[in-house]
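Please find below my notes on this model.

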Amino acid sequence: IGQQLQPASVHASQHGTSVVTYQQAVGSHEVWGGRIVAVLDSGGTVRALTGGFSPNVSSATTTAFKLNAATALQALLKNSGITSSASTLQLLEQRDRYSYFSIGSSSFRALRPLRLKPVYFPAKGRLIAAYYVELFGWRANQARGEGCGGDVSAEDDRILQRTRRIH
């Protein structure tokens, strides 16, 4: 399986220094949290380095994306207490490795399309095929919006990680 060190971004300052971010990937899927940021002086010498990569890249050969994106999205919705059925999810577009979905739900009104992308999630000595999912919106009985991001296993639809995106 091909591991790649991909420069995800380069930001050059007017003084000649630059900040380069490298993203760890296996095939075309990023390794969640696998990122190194380097600060280079005007001569290209590394002056600061932060971040890290998962050492478990070879384990990606033993994991598979068994579940599709819509199933992963349904798992996060259910875990969030949002009622919806698979028939109310509609794929709107795919861009920049993300799939964007609309949702029909009486308990949740999305502020923007729900988005997700396939990733490899590092956990307990291996990489797990997963989907990173984001949703933002309002529940029918609340005046305040909410948002969350989560990683859903593409092996068995377990929620691997969940993060509030609005505080």
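**Notes on the model**

1. Strands β2 and β3 (residues 29-40) run antiparallel and are joined by 8 bridges. Two strands count as paired if DSSP finds at least two bridges between them. Strands here are DSSP runs of E with at least two residues, helices are runs of H or I with at least four, and both are numbered from the N terminus. In this pairing, Y22 stands opposite I36 of β3.

2. A word on the basis. This is a predicted model, in which local features need pLDDT of at least 70 and side-chain atom pairs count only at pLDDT 80 or more, while totals for chains, interfaces and linings use all residues. Residues are numbered from 1 along each chain as its sequence is written, and side-chain values use heavy atoms, with hydrogens and water left out.

3. The turn comes next. β2 and β3 form a hairpin with 2 residues between them. G27 sits in that turn and has a positive phi of about 60°.

4. How many of the 9 residues of β2 are buried? The count is 7, so β2 is largely enclosed by the rest of the structure. Buried means under 20% relative accessible area, exposed means over 50%, and partly exposed lies in between (1.4 Å probe, protein chains only).

5. Q24 deserves a look. It lies in strand β2, which spans residues 18-26. Q24 is buried, at 0% relative accessible area. Its side chain reaches the backbone nitrogen of S54 at 2.8 Å. A polar contact is a pair of N or O atoms within 3.5 Å; within protein, one must be able to donate a hydrogen and the other to accept it, and residues adjacent in sequence count only if both atoms are side-chain atoms.

6. On β3, consider V37. V37 is partly exposed, with a relative accessible area of 23%. Leaving out residues up to four places away in sequence, V37 touches V19, V20, T21, A48, L49 and T50. Contact means heavy atoms within 4.5 Å. V119 is 82 residues from V37 along the chain, and their C-alpha atoms are separated by 19 Å.

7. D96 lies in the loop between β5 (90-95) and β6 (98-102). The residue is exposed, with 63% relative accessible area.

8. K124 is also a non-glycine residue with a positive phi, here about 45°. Its place is in the loop between β8 (114-123) and β9 (126-139). At 87% relative accessibility, K124 counts as exposed.

9. Now the whole chain. The protein has 1 helix and 11 strands. Along the sequence the pattern is β-β-β-β-α-β-β-β-β-β-β-β. The C-alpha atoms fill a box of roughly 60 × 40 × 25 Å along the principal axes.

10. Buried residues make up 40% of the 167 residues. Among contacts with a separation of 6 or more, 42% are between residues 24 or more positions apart. The accessible surface comes to about 9100 Å², and 51% of it belongs to carbon and sulfur atoms. Accessible areas come from the Shrake-Rupley method with a 1.4 Å probe, and for residues only the protein chains shown count as cover.

11. Last, charge. The protein has 18 positive and 10 negative side chains. The centres of the two sets lie 5 Å apart. Lys and Arg count as positive, Asp and Glu as negative, and His and the chain ends are not counted. Each charge is placed at NZ of Lys, CZ of Arg, CG of Asp or CD of Glu.
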